[in-house]
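Here is a friendly briefing on how two chains meet and how their insides are packed. Take a look at the sequence and the structure first.

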Amino acid sequence: MTQRITKRLLQLILIIWSVGMLSFILTKSLPGDMAYRIAASRYGYDQTDTAAATMVRAELGLDQPWWQSYLNWLIDLVQFDLGRSLVSGELVWVEVTHQFAHTLNLALIALLISLIIGPPIGLWLAHRPHGIADRTSLAVSIIVRSLPVFIIGIVLIGVFSVKLKWLPAAGYGTWQHFVLPALTLAVALSVVSVRVSRQAMQQVMASPYYQYAKLKGLTPWQTLRRHGLRNVAITIIAFHSVQLIYLIEGVVIVESLFAWPGSGHALVHAIIARDIPIIQGTTLVMGALFVLLNLLVDVACATIDPRIDDHHKDTAHV
Amino acid sequence: MRKFIPLLLVFGLLIALVVWVNLAAKQHAPKQHTHAHQDDNSLIVVSPWEITSTDPSTTGFIYQRLQIAETLIDADNQGRLLPSLASSWHGLDGGKVWQFRLRQGVKFHDGTVLTAEHVVKSLNIALTKPTALEQAHIKQISAIDDQTVQFELAKPMQAFPAYLAHSTALILSPASFDDSGQVVKVIGTGAYQAVSIEPPQKVEQVAFADYWGKKASIEHITYLANTRSETRALLAQSQPNYLVYNLDAPSLARLTTDPNLQVATESIARTILYKVNAKRPPFDDVAFRQILSQAIDRQGIANTVLGTDQGVATQVLPPLFGDWQITTPTTAPMGTPDYPSLLTKLNQLGYQQNAQGQLLSKSSEPIRITLKTFSDRPELPIIATALQAQFAKLGIQVDVAVGNFSDIPASHQDGTLQMALYARNYGMIPNPLGALMEDFDADGSDWGAMNWHSPALLQKLEQLNQDISPAQATMLKQEIATILADELPVTPILYYQQHIAANHALQGVRLDALERNFYLNQLAW
């Protein structure tokens with residue numbers, strides 16, 4: 001286990017360096033003059049002209065060679081200094097924490113909602129395979145998952161804000177503002193989670209050890225608790241860890257739709273503006289979080305099923 | 001139990017991360033004051049424009065519209081100058097020196113009384129950043145006494161006072177700036193004071209009790225930037241406390257049928273037009289430019305894209321600038337184009353068609369044009385494709401390139417631009433003379449002419465800046481408008497229509513054609 005944690009932490013350092021370098025190279029290789037892009041994001045459409053771009057170029061030293069800019073970033077990074085945004089002039093650290101707090105809270109609540117909805121329904125459906133509920137759930141899953149997250153958001157706003165007037169349609173600041181964006185992300189996640197949980201439970205139920213547990217006279221609940229839940233949990237946790245990428249992908253759209261001041265929205269704007277320090281700062285924090293979450297999933301799986309760790313030990317000895 | 005220790009440790013680490021990120025975000029949350037509270041009478045103003053920073057050079061237009069900060073001069077819906085922080089002004093030395101008398105008893109939101117020194121400091125700092133004031137040829141700004149500010153210019157400018165109405169010329173309290181001259185807080189003199197500014201989306205503001213003008217009756221206002229037009233429209237329908245700006249045509253059709261909503265529309269000082277590189281064939285031929293303009297079905301585009309009968313642009317400056325209007329020029333007709341007749345005219349000029357129906361240049365090459373535009377204003381790409389279809393009827397192939405708006409000034413400078421479609425704001429400075437002098441300068445301009453200039457036009461613009469009679473000024477304006485309509489260095493298509501929606505309960509809703517003011521202090525429930 002210690003080996004696993006050490007490995008992941010080393011991975012974290014590698015991720016920080018490689019994500020920063022990749023975002024630097026990719027942003028630098030995008031077409032368009034950086035000075036104009038930064039001026040456009042700073043001063044807006046009516047005031048962006050060559051004079052503004054020239055002023056930006058001189059202020060930010062955009063004429064210096066790429067390797068010099070990269071080295072400056074690397075030296076600053078070693079000193080835990082992410083620099084300042086080229087657009088707002090604010091410290092990257094301040095901007096990223098402000099935005100990331102909003103994104104993280106939203107993503108975690110969405111994940112929590114999908115965990116509350118998905119697995120329980122999936123397990124319930126596994127006990128009633130091929131019934132009306134099961135078939136309906138399959139159809140709903142296919143339809144909802146094939147809808148862009150943007151459409152789901154619009155539908156939810158239409159129902160809960162425009163028709164029922166229960167919740168604010170956009171904005172942030174109160175718990176009510178969380179509900180619709182989190183639900184938008186959670187709905188698409190849950191529908192797949194239902195199917196994955198249902199399938200996993202079906203496989204477990206069909207396994208000899210589960211059948212034997214029933215034969216030996218355990219009640220259905222005892223069988224599920226002692227022989228079902230742990231086995232099915234591995235698949236469900238693994239699925240949700242893979243789906244984290246969907247959350248980040250969905251957050252970009254959801255944040256724009258709901259005027260949510262998070263990292264996804266900021267990242268899109270930073271790419272348009274060629275705001276390299278913000279791109280590096282945001283991707284770095286996202287990359288680090290991914291490693292941490294994957295570590296959590298690894299440890300959780302190894303705790304639930306000790307055979308995973310034993311297998312690793314065996315292969316390590318070989 | 002021991003086997004759970006690593007899991008608990010990693011889980012604890014994640015919880016710690018979430019708590020720490022939230023605490024750090026809260027610690028850095030930009031608050032200016034702390035006594036804001038939202039009540040049932042509060043209003044939420046929604047527009048697509050995001051906040052970049054506290055600096056007026058980047059976000060002044062929002063602080064101006066929200067009535068947080070003000071300029072020395074204001075303007076009405078026809079572009080006529082009005083006193084604001086300056087109660088009167090006059091020019092000396094033929095318009096080379098200008099003196100502005102400040103309004104008595106104006107207070108900043110921090111209680112400081114406005115003096116001439118504050119104006120000098122704010123404007124000197126504004127001049128170190130991109131601002132329209134750069135075009136005003138200011139040599140020196142000085143305080144003559146506590147209430148009088150003097151501007152010395154490099155050359156006479158009758159239009160000078162209008163420059164001081166620009167949103168980058170906001171007057172802020174000395175406490176707004178740090179030692180290096182950076183704006184760290186927005187402490188203005190407006191009807192509302194900022195409580196918190198949270199880029200990119202939110203401003204909280206409360207009514208300022210010591211405001212010198214009409215005091216606001218809605219105590220608390222939130223500004224929310226939302227770039228999605230669909231969400232903005234849904235926000236208007238969701239709760240009664242929204243005032244929503246920049247509605248798109250498809251949403252507008254739905255909102256006008258909502259019995260709870262009032263929808264207001266105004267033609268603003270912004271013209272959708274295209275510019276061409278007048279050095280490169282076929283745009284070096286004035287007659288070609290004129291026929292191309294005649295091939296645009298402006299009414300059709302207005303109906304389908306803007307969803308309105310209004311807005312057909314037959315000349316560069318919008319109708320609100322009445323003195324500049326001429327009778328509908330033949331180069332930009334209102335009706336449906338007669339394509340066969342236009343094609344005949346092109347043939348007579350030496351542009352023939354090949355067997356595939358493509359129009360050939362005078363050197364017998366198929367004419368193929370790249371039209372650059374951008375999607376920040378969502379109607380522009382649609383208008384670009386409408387132009388593409390309409391020009392195709394003459395056999396002209398147009399490739400539409402949708403990119404970032406900064407590509408237009410960038411490609412103007414490197415000379416690669418052929419044609420660009422955009423919406424030009426002629427009301428940033430209430431006197432359009434400023435924009436025209438910039439756009440049609442002898443060297444061209446990023447948002448104006450490219451490789452085209454008219455000595456006669458420049459001379460008339462210069463004359464307009466001299467001390468002349470109103471009758472002479474009107475005549476010159478008409479002559480300038482005629483030159484632009486004949487020569488078409490830029491070709492007008494539509495005048496921008498601004499739409500807003502609010503609940504019927506909100507009284508006093510009106511639109512500013514110059515996009516300077518949301519008139520929030522005139523609103524009431």
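Contact means heavy atoms within 4.5 Å. By that rule, the contact takes 60 residues from chain A and 65 residues from chain B. This is a predicted model, in which local features need pLDDT of at least 70 and side-chain atom pairs count only at pLDDT 80 or more, while totals for chains, interfaces and linings use all residues. Residues are numbered from 1 along each chain as its sequence is written.

**Where the chains meet**
- The size of an interface is often given as the accessible area lost when the parts come together.
- Between chain A and chain B, the buried area (accessible area, 1.4 Å probe, lost on being put together and summed over both) is about 5,100 Å², and carbon and sulfur atoms give 65% of that.
- A:Tyr45, A:Asp46 and A:Tyr172 supply 15% of the area that chain A buries against chain B, more than any other three residues.

**The nonpolar cores**
- A nonpolar core is a set of buried Ala, Val, Leu, Ile, Met, Phe, Trp, Tyr and Cys residues joined through side-chain atoms within 4.5 Å, where buried means under 20% relative accessible area (1.4 Å probe, protein chains only).
- The largest nonpolar core has 111 residues, and B:Leu72 and B:Phe151 touch the most other members.
- Leaving aside neighbours within four places in sequence, B:Phe151 is in contact with residues including B:Leu72, B:Trp98, B:Phe100 and B:Phe160.
- A second, separate core of 84 residues includes A:Ala107, A:Leu247, A:Leu257 and A:Trp260.

How values were computed
Chains are lettered from A and ligands numbered from 1 in the order in which they are written. Side-chain values use heavy atoms; hydrogens and water are left out. Buried means under 20% relative accessible area, exposed over 50%, partly exposed in between (1.4 Å probe, protein chains only). Buried area is the accessible area (1.4 Å probe) that two parts lose on being put together, summed over both.
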